[in-house]
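This report describes a single chain for a reader who has not seen it before.

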Amino acid sequence: MVDLEQPLRLRLEQLHTCAPGTIGDMLQLELVECDPPAGEYVMRCQTQPWMRNIAGTLHGGLCATLVDQAMGCVAYCAKPGEGTAPTVELNVSYHRPLIPGEDARIRVRLVSAGRHLMHLAAETFQADKLCLSATAVYFYHES
């Protein structure tokens, strides 16, 4: 596996400077752990009150956005060449609610990469309890 630690840290920092106000910037993901041989990267997000739904938990669409953003950053950094790596499929399973105001930790694993498609998986935890699991496919092409 390629070590994505430095490119991933740079990409997350760029979201704050070159794309202020976007959802990627607002989620404020931070890389906290790396295991390049396993293809695993753990990010942290401090959830905010604006992310809640009427029930007071994190809105389901924002839960999906959170895991998609984390996996998408890994896909972007892992792809060869320039260009984007848009999501072409996203599957999210909701195991328990995320609580706004508490840290969420998203563990992303690069499962496989072919000529144009990359498969990733993610698990999101709060207080060491699994809240979400997801898989996604990202498209890319070499420039």
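E123 is partly exposed, with a relative accessible area of 27%; the term covers values between buried, under 20%, and exposed, over 50%, taken with a 1.4 Å probe and protein chains only. R107 is partly exposed as well, at 30%. The side chains of these residues, E123 and R107, meet in a salt bridge with an N to O distance of 2.1 Å. The pair links distant parts of the chain, as E123 lies in strand β5 (residues 117-126) and R107 in strand β4, 16 residues apart. A salt bridge here is a side-chain nitrogen of Lys or Arg within 4 Å of a carboxyl oxygen of Asp or Glu.

## Basis of the model

The model is predicted: local features need pLDDT of at least 70 and side-chain atom pairs count only at pLDDT 80 or more, while totals for chains, interfaces and linings use all residues. Residues are numbered from 1 along each chain as its sequence is written, and side-chain values use heavy atoms, with hydrogens and water left out.

## Other salt bridges

How many salt bridges does the structure hold? There are 5 salt bridges in the structure. In one of them, E33 pairs with R105, and the closest N and O atoms are 2.4 Å apart. E33 lies in strand β1 and R105 in strand β4 (residues 103-113), so this pair ties together parts that are 72 residues apart in sequence. E33 is partly exposed, with a relative accessible area of 41%, and R105 is partly exposed at 32%.

E30 and R44 also meet through their side chains in a salt bridge, at 3.0 Å from N to O. This pair links distant parts of the chain: E30 is in strand β1 (residues 30-35) and R44 in strand β2 (residues 40-46), 14 residues apart. E30 counts as partly exposed at 37% relative accessibility, and R44 is partly exposed at 22%. A network of salt bridges links E30, R44 and D103.

Strands β1 and β2 run antiparallel and are joined by 5 bridges; two strands pair if DSSP finds at least two bridges between them. D35 stands opposite E40 in β2. The two strands form a hairpin with 4 residues between them. In the turn, G39 has a positive phi of about 70°.

## Elements along the chain

The secondary structure comes to 3 helices and 6 strands. Helices (H or I, at least four residues) and strands (E, at least two) are DSSP runs, numbered from the N terminus. In which order do the elements run from the N terminus on? Their order is α-α-β-β-α-β-β-β-β.

## Overall form

For 143 residues, a compact globule would have a radius of gyration near 15 Å, and the 14 Å of this chain agrees with that. The radius is taken over C-alpha atoms, and the globule rule is 2.2 Å times the number of residues to the power 0.38. The C-alpha trace spans about 45 × 30 × 25 Å along its principal axes.

Of the 143 residues, 39% count as buried. Among contacts (heavy atoms within 4.5 Å) with a separation of 6 or more, 63% are between residues 24 or more positions apart. The accessible surface of the chain comes to about 7,500 Å², and 52% of this belongs to carbon and sulfur atoms. Accessible areas come from the Shrake-Rupley method with a 1.4 Å probe; for residues, only the protein chains shown count as cover.
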